[in-house]
Amino acid sequence: MTATTEALGNQHSTRSKSRILGVVRLHFMNTQTFVWVPVIVLSGVWLITLLIYWIISASGVEGPMYSGGSQAPLWYFAVVGAQAMNLTFYFSQAMSLTRREFYLGSLTAAGISAAAISTIFVLLGLIEQATEGYGINGFFAYLPWVWEGGPFAAGLTYFALTMLVFILGFWFAIVHKRFGALILTTALLVIALVLLSGAALISLNGAWLEVWMWVLETQSMGLTLWALGLGVVFAAGSYLTLRRLTV
Amino acid sequence: MTSVIDARDLTKKYKHATALDNVSLSIEKDSIYGLLGRNGAGKTTLMSILTAQNFATSGDVEIFGEHPYENARVLNRMCFVRESQKYPEDATAKHAIATARLFFPCWDQSLAEELIDDFRLPLKTPIKKLSRGQQSAVGVIIGLASRAEITFFDEPYLGFDAVARQMFYDRLIADYAECPRTVVLSSHLIDEVANLIENVIVIDRGRIIMDESTEEARTRAVNIVGDADSVQRLVAGREVIHREALGRVSSVTILGQLSDVDREFIADANLDLTPVSLQQLIVRTTQADTTSSNEDENTGPLTDTDVRSLQS
């Protein structure tokens, strides 16, 4: 037994890596949450948007058409984040995993999903560019403002935003488990009030024009960096909350 | 003997209740422990803290000499099977068992497959759609096949019928013989596990009230069977914890040990001594503790009867 223990000790770092990859597999066990629903949301919204474009173009409108429909799968990632926490954390504890291993594995799983969906997004955008909006000048994934820095930058933007939304959903689910619905609701209200007071401050100073100018100037690459920065902050917050979560 | 678990002064307080009250214990390597007690006594809380799934308000835990919290080296060697384990939403028994194989270093796949057959566990049905007993079987299979150096079973047989429970006990003993390890089995079916466990820890309202070998525990009481009048003469003035009668024959369980004089009397009156039910002993002890809670903690509730003798 002692020999086994020592051998295990030596393999510790490799074991740790394989345990984190195990958590990734654990998450993808929820194929419905992690694979099928995102695929259905994305393809459903894509189909609906194209139908609307087709109706519009059939009625003789010629200008390029853009929509916010491609945001839909992005928002769904808040649900994926919450589900990743709710469905798998307790089983990961039964598998004798540390909270750290669960956390790193969860982020890796989210990263894989976000990368996959960003890739699909970029491919759709490239197709739209090549076919001039499916021949009817309608664009779902190709939004000029996001694509200014090229396909890679657009993909990175989509990836960063998806991760950010996932981490928020993940964190809210941890807060809910640890402190209960009352605290979570209060926290969400406080966040809403903070955002609202920010908006009020801008309005009172008549500064909306400057804000929009700033958004335009930072461009999508700036937005990506902001999303990544916030993502890191929220990820750190969720780790600190998870560390003391009990079963 | 070396201890693999050492807990010192564990206290767990919730807002309105104290789940554990100054619990200290050590658990030896390669032995089967019964963690017994009523519902809400603190069994699950204790096991959760030992596996770092919950945190003590105060006190220390050492597993294999290290603190288990966020310690993969230690957690790796433990397996905790909960009474109502939650599984990922879409998981089937096949998924769960394949995952366990990934994480437990001593996993025995052929044992897992035998157990799947034994319990007739459907592998492709989502776990949430399995019957309660089948869900419990998933946990039991993971717990046994993990062959973890310390395995905790928290009332693992919920929804099991008598056959499945016996199968679990038989499998546990057989595999323990083949691959000795430390097992902590929490249960309220005391008589069923009595022959399985080598050590008994009784917890009541967050406090350990018995922590000794099963053999020692049994010597706390004796059971006398025979002619009702003779039995009555022997047990007069002693604390009787159980009594059954059928015509002229009665069977009485008393607390305390027998003196030589007692044994002579038993031989002369043609009475029989039979093994004591651990369940009766524990039920009686937990009740005694409830009624006389201001008794000195160190001497325990049984002391006054222990010293009583036939001559008095």
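Predicted model: local features only at pLDDT ≥ 70, side-chain atom pairs only at ≥ 80, totals over all residues.
**View 1. Chain A from end to end.** Chain A holds 10 helices and two strands. Read from the N terminus, the order is α-α-α-β-α-α-α-β-α-α-α-α. Its C-alpha trace spans about 80 × 45 × 30 Å along the principal axes. Of the 247 residues in chain A, 35% are buried. Take the contacts in chain A between residues at least 6 apart in sequence: 84% of them join residues at least 24 apart.

**View 2. Confidence along chain A.** The mean pLDDT of chain A is 88. A score of 70 or more is reached by 94% of its residues. Which helix of chain A has the highest confidence, and which the lowest? Helix α5 (residues 99–130) is highest, at a mean of 94. Helix α1 (residues 2–10) is lowest, at 49. Over residues 5–9 of chain A, pLDDT stays under 50. For that stretch the model has three contacts beyond four places in sequence.

**View 3. Confidence along chain B.** Chain B averages a pLDDT of 89. At least 70 is scored by 92% of its residues. Among the elements of chain B, strand β6 (residues 150–154) has the highest mean pLDDT, 97. Helix α12 (residues 303–306) has the lowest, 38. Residues 292–312 of chain B stay under 50 in pLDDT. The model has 20 contacts beyond four places in sequence for this stretch. The model as a whole scores ipTM 0.84 and pTM 0.85.

**View 4. Where chain B touches chain A.** The contact takes 29 residues from chain A and 26 residues from chain B. On the chain B side, the elements that give two or more residues are α2 (72–75), β5 (78–81) and α3 (93–103). Which of the elements gives the largest share of that side? Helix α3(B) does, with five residues. The chain B side divides into 13 nonpolar, seven polar and six charged residues.

**View 5. The largest nonpolar core.** In soluble globular proteins, nonpolar side chains tend to be buried together. Here the largest nonpolar core has 136 residues. Those with the most contacts inside it include F166(A) and F170(A) from chain A. From chain B, the list includes Y33(B), A96(B), I141(B), L185(B) and I201(B). Helix α8 (residues 151–179) of chain A gives the most to this core, with 18 residues. The core also draws at least three residues from each of domain 1 (3–216) and domain 2 (220–306) of chain B.

**View 6. The surroundings of I201(B).** I201(B) is among the residues with the most contacts inside the largest nonpolar core. Which residues is I201(B) in contact with, leaving aside its neighbours within four places in sequence? Among them are L25(B), Y33(B), G34(B), L35(B) and L36(B). Y33(B) is itself listed among the residues with the most contacts inside the core.

**View 7. The two domains of chain B.** The domain assignment gives domain 1 (3–216) and domain 2 (220–306). Their centres, taken over C-alpha atoms, are separated by 33 Å. In the contact between them, 11 residues of domain 1 meet seven residues of domain 2. On the domain 1 side, α7 (190–193), β8 (199–204) and β9 (207–213) of chain B each supply at least two residues. Strand β8(B) gives the most to that side, with three residues. The domain 1 side divides into seven nonpolar, one polar and three charged residues.

**View 8. The backbone at E132(A).** Most residues other than glycine have a negative phi. E132(A) is not a glycine, yet its phi is positive, about 50 degrees. E132(A) lies in the loop between α5 and α6 (133–137) of chain A. Is E132(A) buried or partly exposed? E132(A) counts as partly exposed because it has 13 C-beta neighbours inside 10 Å.

**View 9. The backbone at N270(B).** Phi of N270(B) is positive too, near 60 degrees, in a residue other than glycine. N270(B) sits in the loop between α10 (260–268) and β13 (272–274) of chain B. Why does N270(B) count as exposed? It has 9 C-beta neighbours inside 10 Å, and a residue with 12 or fewer is exposed.

Conventions: Residues numbered from 1 in each chain as written. Chains lettered and ligands numbered in written order. Helix = DSSP H or I, 4+ residues; strand = E, 2+ residues; numbered from the N terminus. Buried ≥ 20, exposed ≤ 12 C-beta atoms within 10 Å, placed from the backbone. Contact = placed C-beta atoms within 7 Å. Nonpolar A, V, L, I, M, F, W, Y, C, P; charged D, E, K, R; others polar. Core = buried A, V, L, I, M, F, W, Y, C linked by C-beta atoms within 7 Å. Domains from an automatic or database assignment. pLDDT = per-residue confidence, 0-100.
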